[in-house]
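The entries follow in the order in which I looked things up.

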Amino acid sequence: MPIMLFVMWMVFNGRITWDVIVTGAIISALLTWFLRRFTSWGLQKDLLYVKKSGQILGFLLRLVLEVLKANVHVIALVLSADPKIQPQIVYRRTKAKTAAGKVALANSITLTPGTITIDVGDDWICVHAIDDSSAAGLEDSWSERKIERLEEGL
């Protein structure tokens, strides 16, 4: 965790000087101490996320691909001579167990053009879809399957 936080600090800062390095090291150490002291975060979770980093990267790459495909779909829908826009609100059950899994699912739906997450409950999610095709994509959600695999062991 402290190494990841320090690397993020350096990347977002954009320059490498001694004051930036020292400040980043102190902030990373304090934030790690705080998280381990006042939350359930620990070395085991650090190791679990390192072990699942390949799956997380795969999820993010697939999300980028799905966003690009949805962009093409929405552009075609908007530019068509007779747009078949049929907005609808869809409620569906979700298998995501953890709060982080539900947030990841809701955000992946919202990032995909043509859909936006309206509300998330204990075992359901409410989504606004721009048309039937976007709503149908929610039934067999690739992101939910990936999130289920990521949640295993948490």
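I began with burial: 31% of the 154 residues in the chain are buried, where buried means under 20% relative accessible area, exposed over 50% and partly exposed in between, with a 1.4 Å probe and protein chains only. I keep in mind that this is a predicted model, in which local features need pLDDT of at least 70 and side-chain atom pairs count only at pLDDT 80 or more, while totals for chains, interfaces and linings use all residues. Residues are numbered from 1 along each chain as its sequence is written, and side-chain values use heavy atoms, with hydrogens and water left out.

**Overall form.** I listed 7 helices and 3 strands, which run α-α-α-α-β-α-β-β-α-α from the N terminus on; these are DSSP runs, numbered from the N terminus, with helices being H or I of at least four residues and strands E of at least two. The radius of gyration of the chain is 20 Å, whereas a compact globule of 154 residues would have one near 15 Å (taken over C-alpha atoms, the globule rule being 2.2 Å times the number of residues to the power 0.38). The C-alpha trace spans about 60 × 35 × 25 Å along its principal axes.

**Core.** Which residues have the most contacts inside the largest nonpolar core? I found Phe59, Leu105, Ile109, Ile125, Val127, Leu138 and Ile147, in a core of 16 residues; such a core is a set of buried Ala, Val, Leu, Ile, Met, Phe, Trp, Tyr and Cys residues joined through side-chain atoms within 4.5 Å. At least two residues of this core come from each of α4 (53–79), α5 (99–111), β3 (124–129), α6 (132–139) and α7 (142–151). Leaving aside neighbours within four places in sequence, Val127 is in contact (heavy atoms within 4.5 Å) with residues including Ile89, Ile109, Ile116 and Leu138.

I then checked Thr112, which sits in the loop between α5 and β2 (115–120) and is buried because its relative accessible area is 16%. Not counting residues up to four places away in sequence, Thr112 touches Leu63, Glu66, Val67 and Ala70.

Pro2 lies in helix α1 and, apart from neighbours within four places in sequence, is in contact with Ser28, Thr32 and Arg36. I noted 50 Å between the C-alpha atoms of Pro2 and Ser80. Met4 is also placed in helix α1 (residues 2–13) and counts as partly exposed because its relative accessibility is 47%.

**Salt bridges.** I searched the whole structure and found 4 salt bridges, each a side-chain nitrogen of Lys or Arg within 4 Å of a carboxyl oxygen of Asp or Glu. Glu144 pairs with Arg92, the closest N and O atoms being 2.8 Å apart. This pair links distant parts of the chain, Glu144 in helix α7 and Arg92 in strand β1 (residues 88–93), 52 residues apart, and both residues are buried. Arg93 forms a salt bridge with Asp123, with the closest N and O atoms 3.1 Å apart; Arg93 lies in strand β1 and Asp123 in the loop between β2 and β3, so the pair ties together parts that are 30 residues apart in sequence. Arg93 is exposed at 58%, and Asp123 is partly exposed at 34%.
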